[in-house]
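Q: I would like to go through this structure with you. Could we begin with the enclosed space inside the protein?

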Amino acid sequence: MNRVSASLVPRSNFFMTSIRIGIIGREGKPSIQDSLDRIYNFLVSESVEIRVERDTADLMSQNQITTVTRDELTTCTYLVVVGGDGSILGVARDFAANKIPIIGVNRGGLGFLADVSPDDIEQGMANVLQGEYRQEEHFLLNLTVIRDGEVIAESPALNDVVVSSGSLSKMMDFSLYIDDQFVYSQYSDGLIVATPTGSTAYSLSAGGPILHPSLDAVAIVPMFPHTLTSRPIMVQGSSKIKVVPGVVTTNPQVSADSQVQFDILPGDEVTIKKYKDVIHLIHPTTHSFYEACRSKLDWGSRLGRTTRTE
């Protein structure tokens, strides 16, 4: 189950020196150098122990930075991720088992997950060091592909698992099971299984529902089904979902967060259920999911009306 909590405990300067913060930047994006430098310089001024991922250090202007491999970041107190929501997805899959809170600095698009503004880096980091933040717990999904009784592929996913035809212009047929109960057979472009975290991502563009992050639920959203009666389904987060592709003329695939992909064959069992670990996202104390929806999804304007008439 997802939980939202707030930490507002003042921290002493002595305690700050025991904090170890890891910094990860979006690979191949030199434009984030300014944000990386500002984070690093601020943490140095606060006498915080810093670990920078080696590939990230190549994007920074400072010399003599203590660099580590991605695996060596597991000893950090917090991880600061500079990029967009996509960068956080990768970090979430890699570090969920380590239970390290993640702070996202938004240098991408929407920024539902990475919501610290580049203009507020110093204040945002100061608030974290002082314990003034909101912490959200988000569950992940676990994707498993079973062929002839053997697991051939597996990956966690924070946003969604997508079974698709593998071709932009072709459809596929598949069968859906929930908790070992047959639900339906369908002919469509595929199926999206989304967490509350992922309900504002790909699932939203396919007509899926928006789920509050605190919900313990999963949305199952068909992609352009060849029927008008097929609609999204919401089930308990503990549900076991199974998708079995039928005889197809395409090259079907399954993906985790649209970042990890596996080819599948007719008769393979794609099982999706809650992952054993969760991630913890750090937000400013003023963070509001509904305010994020208003600003990111343009809920601030009234459709069809420009002024109030009440």
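A: The residues lining the largest cavity divide into six nonpolar, five polar and one charged. Please note that this is a predicted model.

Q: Which residues line the largest cavity?

A: The lining consists of Phe112, Leu113, Glu136, His138, Pro196, Thr197, Thr200, Pro213, His283, His287, Phe289 and Ala292. The elements that give two or more residues to this lining are β7 and α7, the latter spanning 289–296.

Q: How much space lies in the largest cavity?

A: About 120 Å³. The count of cavities of 30 Å³ or more comes to one.

Q: Let us stay with β7. Where does threonine 144 lie, and what is it in contact with?

A: Threonine 144 lies in strand β7, which covers residues 132–147. Leaving aside neighbours within four places in sequence, threonine 144 is in contact with Val151, Ala153, Glu154, Glu269, Val270 and Thr271.

Q: Is threonine 144 buried or exposed?

A: Threonine 144 is buried: its relative accessible area is 8%, and the cut-off for burial is under 20%. The side chain of threonine 144 also forms a polar contact of 3.4 Å with the side chain of asparagine 142.

Q: What about valine 278, and where is it found?

A: Valine 278 is found in strand β18, residues 269–283. With a relative accessible area of 22%, valine 278 is partly exposed. Apart from neighbours within four places in sequence, valine 278 is in contact with Ala96, Glu137, His138, Phe139 and Leu140. One of these, His138, is also among the residues lining the largest cavity.

Q: How far apart are valine 278 and serine 288 in space?

A: The C-alpha to C-alpha distance between valine 278 and serine 288 is 21 Å, and the two are ten residues apart in sequence.

Q: Which residues is leucine 43 in contact with?

A: With neighbours within four places in sequence left aside, leucine 43 is in contact with Ile21, Ile23, Val48, Ile50, Met125 and Leu129.

Q: Turning to α4, why is it described as largely enclosed by the rest of the structure?

A: Helix α4, residues 85–95, is largely enclosed because nine of its eleven residues are buried. The buried residues of α4 are Asp85, Ser87, Ile88, Leu89, Gly90, Val91, Ala92, Arg93 and Phe95.

Q: One last topic, the backbone. What is the phi of lysine 99?

A: Lysine 99 has a positive phi of about 55°, although it is not a glycine. Lysine 99 is found in the loop between α4 and β6. Most residues other than glycine have a negative phi.

Q: And what is the phi of aspartate 298?

A: Aspartate 298 also has a positive phi, near 60°, and is a residue other than glycine. Aspartate 298 is placed in the segment after α7. With a relative accessible area of 53%, aspartate 298 is exposed.

How values were computed:
Residues numbered from 1 in each chain as written. Predicted model: local features only at pLDDT ≥ 70, side-chain atom pairs only at ≥ 80, totals over all residues. Heavy atoms only, no water. Helix = DSSP H or I, 4+ residues; strand = E, 2+ residues; numbered from the N terminus. Buried < 20%, exposed > 50% of the residue type's maximum accessible area, 1.4 Å probe, protein only. Polar contact = N/O pair within 3.5 Å; in protein donor to acceptor, adjacent residues only side chain to side chain. Contact = heavy atoms within 4.5 Å. 1 Å grid on protein atoms, 1.4 Å probe; cavity = no way out; pocket = protein on both sides within 12 Å on 5 of 7 lines; lining within 4 Å. Points joined across faces, edges and corners; volume = space filled by probe spheres on them. Nonpolar A, V, L, I, M, F, W, Y, C, P; charged D, E, K, R; others polar.
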